[in-house]
Amino acid sequence: MAFNDLLQQLGGIGRFQQIQVSLLLLPMLLMASHNTLQNFTAAIPTHHCRPPADANLSKEGETWLPRDRRGQPESCLQFTSPQQGPPFPNGTETEGVRTTEPCTNGWIYDNSTFPSTIVTEWDLVCSHRVLRQLAQSLYMVGVLLGAIVFGHLADRLGRRKVLILNYLQIAVTGIGAAFAPNFPIYCAFRLLSGMSIAGIILNCVTLNVEWMPTHTRAHVGTLIGYAYSLGQFLLAGVAYAVPHWRQLQLLVSVPFFAFFIYSWFFIESARWYSSSGRLDLTLRALQKVARINGKQEEGDKLNMEVLRASLQKELTMGKVQASAMELLRCPTLRHLFLCLSMLWFATSFAYYGLVMDLQGFGVSIYLIQVIFGAVDLPAKLVSFLVINFLGRRPAQMASLLLAGICILVNAVMPRDQSIVRTSLAVLGKGCLASSFNCIFLYTGELYPTMIRQTGLGVGSTMARVGSIVSPLVSMTSELYPTMPLFIYGTIPVAASAVVFLLPETRGQPLPDTVQDIENRRRGKPKRQQQERQKQMVPLQASAQEKNRP
């Protein structure tokens, strides 16, 4: 009897699965809030140099401000001395007259849209503008480190313990960032927040997948994706209602204390217990789930002998301690590692190439946030239908291929076709969101239980590498304006071809060992499942035999 058969006899999608999935989805609503929070907390309002303290702001202040070609005050320059007469509207200057210099007395900001951001509080503009990107880059570095550290710890210590720690960590560090007295401390808290975000996402996906029957895993993966998309709507509304950055940072962090409290009631993955060789805890977890699902009689019929016979493979696997190096040592795992790393990198690389700067679209930042969230809803619905009815491979390949084509077409479109170019960018973003939705599920189904969480952590690490490299590619626009788009489009198109090297997992049981993956490649799982069905003894029958005199 396989582990999936045990779940089916203990209720399948019962009350326990419904409650635990729902409670794990709630924190996912705030994942988008933290990932893209700096679009609002680090927004750059219109600004210009602050005149000297002894200047009259209403009269003399204007005489210190040169104008750009649009007639607006320059953001980063001021005259070396007050000027009489009208300023030059075309930005030209008479030689030796009206010389300018960088702002020396700080800046005055337009607070009509963003009353308070980290940019206005710590003057992260002009020559210090790079520090604004540094804060987001450090957050991404934290996500990268978290994927490595917490992915490995979850395979060693369990999914539940690491998840509890991550909820507490992001609550504390998020509040710490809200009360940060200076920029370096703010960056440190953001880095730690990024680490915990990675751990939450990885363990949420794994804990859900390992407690659900095989035929429902695609549904769960899609629900997680929709929770993240709805979080983008939530962020737009919350950021509009709470425009002060400290209050906004606090508002998206405090709820994690509630998640931390109720996460103590989660039940650890019985599949992880069995793969770790802890049969007594496996039995206890399965019986607890049976009681919650109203299948107490079935749970009472479970005993150590039944489990030992049913989960012999998992117990044997528990004696093998897998490490991240196994991904490189073992040829089968190395093949998965290289292919999946390419998919993770390409998806994140192109995704952040499109959404790196919402203010660059020239429309309301709140509106574009809603549009980017809205396109995910139909995109992930289509992705779910393809995943569930055609398979993981077609969904993964199509989402990457279509995203790359949209970006490449965008690169050759004339600049004045702004509506068409924006529509293509939104469509490409939707395809990449579908790719993310599929890759989480696909990776969890391809790696064996003994190293699944480590594999997910390494995949997420490659995604973070893509998000860090992406802004560096945008610098190639200085050589050729559309070169970044050609690069952003080529990578996902090339990655879509890699999908052909991976097996289909729709309707297949989760692999527990490397041998399971080998059997899957050779077409053995169906034959083994038929043999197992012939040899399987139902729990009711085994109990009746025990009760016979």
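On a 1 Å grid over the protein atoms alone, a cavity is a set of points where a 1.4 Å probe fits but cannot get out. Grid points are joined across faces, edges and corners, and a volume is the space filled by probe spheres set on the points. Searching the whole structure in this way finds six cavities of 30 Å³ or more. The structure is a predicted model, in which local features need pLDDT of at least 70 and side-chain atom pairs count only at pLDDT 80 or more, while totals for chains, interfaces and linings use all residues. Residues are numbered from 1 along each chain as its sequence is written, and side-chain values use heavy atoms, with hydrogens and water left out.

The largest cavity holds about 450 Å³ of space. It is lined by 28 residues, where lining means having an atom within 4 Å of a point. Met-28, Ile-201, Tyr-228, Phe-436 and Phe-440 are the closest of these to the cavity centre. Helices here are DSSP runs (H or I, at least four residues), numbered from the N terminus. At least two lining residues come from each of α8 (183–211), α9 (217–241), α18 (331–355), α19 (365–389), α21 (418–446) and α22 (452–473). The largest share, seven residues, belongs to α8. By class, the lining has 19 nonpolar, six polar and three charged residues; Ala, Val, Leu, Ile, Met, Phe, Trp, Tyr, Cys and Pro count as nonpolar, Asp, Glu, Lys and Arg as charged, and the others, Gly among them, as polar.

Two helix pairs can now be followed in turn. Helix α18 packs with α23 (residues 483–498) at an angle of about 155°, their axes 9 Å apart; axes are lines fitted to C-alpha atoms, for helices over the stretch in contact, and angles run from 0 to 180 degrees between N-to-C directions. This angle makes α18 roughly antiparallel to α23, a label for angles over 145 degrees.

In the second pair, the axes of α19 and α21 come within 8 Å and cross at roughly 50°. These helices are therefore oblique to each other, the class left once angles under 35 degrees (roughly parallel), over 145 (roughly antiparallel) and 65 to 115 (roughly perpendicular) are set aside. The contact includes Asp-376 and Lys-380 of α19 and Lys-429 and Asn-437 of α21. By class, nine nonpolar, four polar and three charged residues take part.

Definitions and conventions
1 Å grid on protein atoms, 1.4 Å probe; cavity = no way out; pocket = protein on both sides within 12 Å on 5 of 7 lines; lining within 4 Å. Contact = heavy atoms within 4.5 Å.
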